[in-house]
Structure formats: structure tokens, C-alpha cells
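Open the model in your viewer and keep the selection tool at hand. The stops below run in order.

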Amino acid sequence: MDTLQTIGQVRREWGDRLLILGHHYQDAAVVGLCDAVGDSLELSRLAAASKAERIVFCGVRFMAETADILTRGPDGRACGRSVWLPAPGAGCPMADMATAEALEAAWARLGAAAPGADWVPVVYVNSSAEVKAFCGRHGGSACTSGNGRRVVERLLAQGKRIFFAPDQHLSANIMRALGLADAYALWRRALPDGGLAPGAIRAARLVAWDGCCPIHAGYTLGDVQAARAAAPAGAALLIHPEAPSPVARLAEHVGSTKDIIEAVGRAEPGSALLIGTEDRLVRRLAAANRHLDIRPLRPILCEDMGRTTPEALLRTLTEWPEACRVRVDDALVPDARACVERMLAF
Ligand code: SF4
């Protein structure tokens, strides 16, 4: 039997005691082996609702950590379920750009600069369990690229000021979409006090950490010019909100992977679409929609998302190596869980 057949056999033996989840940016060979494929928000919801004994996450570490947080008891103790990451080295460079310790220091500075302000942290789900625990401890919520605008809009409507981490571009795109670009300030990690004077902090309604997704943040105005020049006239640009704001503002549609997939589904036959997100997804969309002219804005690949292979999945399903088990520190779970559950309630 080859690898795929063996995975299929093992999968059948486990039945509903096993759930294999995969992110849209996984390789097509891996996607075909998953029980469900989705973006971070969809996968978080599936993990929370699952009763499977073992959840195997074909994605990166922060996703598996989120699944583990959601499948623990409220006190952080395990409830007979476990989460596994076939590629234990698959991380996320953006998540690594923010530590709980650094965020705590910035948080204290924001409070000191604007003592009467009602600050609340919002962390992108692309962050470590420690960062989510920081957020939950201070009454904040996680968000994804799919619901980030809703989370920010609702908190601002409540009169809160937001400390957003780690993605500067997602938060900038949300504030621009809300017509509040002037109320956005950037906290620069390398500078003392984030490079923000107290007056600038007091004037901001959202202060953003200066992390970014190195994959999506690399898009440039030149990429848009070149792609539009090569595409049929009238091609629409669909782009992920982790792209820089000056590039995103040129797009006909800015949205999460799920939004982009849905926009492709609504496109008229014969439409030309330029898609600005991870290339494994763009290639799958192009292959599945031959009636459309789908092209990448510029092909970009997330190395970490590509670390999961069918062979790594098979090894996890047959050997269950301890190195592939993802277990968030018990002490972090209650606060991190509060942060993620607030997101799911939005
Ligand atoms: S695409 Fe960007 S945000 Fe997503 S896992 Fe890769 S580096 Fe992280």
C-alpha cells in the first residue's frame, strides 16, 4: 500500500474518534486527506465543536494551540482529547514577532500615557498561546482576518481604545475600511516607548504592534501594476488584509481566505481575477474554476504552511510521536481560552 492508501485505512479505523483539520494554504495532496479545510476562524469553530479524541492539525503551531485551548476544560485540565501537529517545526513568523512580555510592557505604557482611556487588547489569532493569555487576562478578544473588522468596530462603538497585535497591516486595513485611518498609530518595537509620544497615544483609537506576515506584507504597488498589465482589461484584484494598506486600497475586494473563496464562487464565467494570497490556495482555486481566468497577484508561498506532507501525516497517525503533540501550558489555558471564546462569541 502507498502512503495515501495507508492514511485512508488508518483514517477509517479511527472513525469519528479522529478529526483531521487543514488550513487552506496546505498543499493539495494534504488538503485531500483532511476531514475539513478552512480558515483560522472556521477551524477554531470546528475544533471547539468536536468530540473527537484526537485532532490532527495540518497547519501551523498557533492553530493547533488554539484547538488545544478550545478542547480543554475551563480550568485548563485535559478532557481526554489531544491535539497533534504533523510538522512540529511549522510556526508562524508573524506570531513570533510579539511576546507576552513585550506586549505587557507596551500595555503599561499605553495606560500611563492615557490613564483615563478604556484600553482593551485585541490579538490576531495568529499569535502564541502566551499572547492570547495576555489578551484574555486584560479582558480582550482574539480576532481573525474574517471577523477582525466586526470585533474592532464593536469595541470602538463601546468607547474602547484598542491595542492590536501582532499584525500592523490587518489593523491598518480595518481602520481604513472604517474611515478611521487618522486614528491609527503604530507601536514600533525597536524604538523606546514604541516611538510614540504620549500625545500621539492619547490621539489614537487603535495602537498597532508592528508585526506583519512576511508573506503577504511583501506585496508592492509594482506587483499590482505588473499583474494588471499582464491580465485582461478589467481584471479584479482580490487581496488578503495582511497586505500593506497602500496595496490593499487598490483592490476591488479585501478579505480573508474564506471571503476570497466566496468571491471567486460569485464571479461571472469568463471573469479575470488577480488573487493576492498564498499560492497553494490560488493554484487550487484556478484548477477548480476553469471557467474563470484566475492568476496570482504574484506567487507567494508560506514555507511553514508547506511543512506538512502526507508522509508526516502518516507518521503522526501511526506512531503518534510525542514531538507532534501540542499541549499548551495548563496555567495559560483559562486566560487564553477567555480570549478565544470572546472571539467566537462575536
Ligand atoms: S501565511 Fe503568514 S501569517 Fe500565515 S502562517 Fe505563514 S507567515 Fe504566518
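This is a predicted model: local features need pLDDT of at least 70, side-chain atom pairs count only at pLDDT 80 or more; totals for chains, interfaces and linings use all residues.

Residues are numbered from 1 along each chain as its sequence is written, and side-chain values use heavy atoms, with hydrogens and water left out.

**Stop 1: the ligand**

Select the ligand and its surroundings. Around the ligand you will find Y25, C92, P93, M94, N126, C213, I215, E242 and C302. A residue counts here if one of its heavy atoms lies within 4 Å. Colour the shell by class: seven residues are nonpolar, one is polar and one is charged. In this scheme Ala, Val, Leu, Ile, Met, Phe, Trp, Tyr, Cys and Pro are nonpolar; Asp, Glu, Lys and Arg are charged; the others, Gly among them, are polar.

**Stop 2: aromatic pairs**

Now show the rings. The whole structure holds five aromatic pairs. Rings of Phe, Tyr and Trp (its six-membered ring) pair if their centres lie within 6.5 Å; planes under 30 degrees apart are stacked, over 60 edge-to-face, and the rest tilted.

Select W84 and W320. Their ring centres are 5.0 Å apart and their planes stand at 70 degrees, so this pair is edge-to-face. It links distant parts of the chain, 236 residues apart: W84 is in strand β4 (residues 82-84), W320 in the loop between α14 (310-319) and β14 (325-326). Helices (H or I, at least four residues) and strands (E, at least two) are DSSP runs, numbered from the N terminus. Both W84 and W320 are buried. Buried means under 20% relative accessible area, exposed over 50%, partly exposed in between (1.4 Å probe, protein chains only).

Move to F163 and W209. This pair is edge-to-face, with 6.3 Å between centres and 75 degrees between planes. F163 lies in strand β7 (residues 161-165) and W209 in strand β9 (residues 206-209), so the pair ties together parts 46 residues apart in sequence. F163 and W209 are both buried.

**Stop 3: charges over rings**

Select W14 and R17. R17 lies over the face of W14, 4.5 Å from the ring centre. Then take W119, where R161 lies over the face at 5.8 Å from the ring centre. The test asks for NZ of Lys or CZ of Arg within 6 Å of the ring centre and within 35 degrees of the ring normal.

**Stop 4: helix α3**

Which residues of helix α3 (residues 40-49) are buried? They are S40, L41, L43, S44 and A47.

**Stop 5: single residues**

Select H23, in strand β1. H23 is buried, at 4% relative accessibility. Beyond neighbours within four places in sequence, its contacts (heavy atoms within 4.5 Å) include S40, L43 and M63.

Finish at R307, in the loop between β13 (293-296) and α14. R307 is partly exposed, with a relative accessible area of 38%. Not counting residues up to four places away in sequence, R307 touches A87, G89 and A90.
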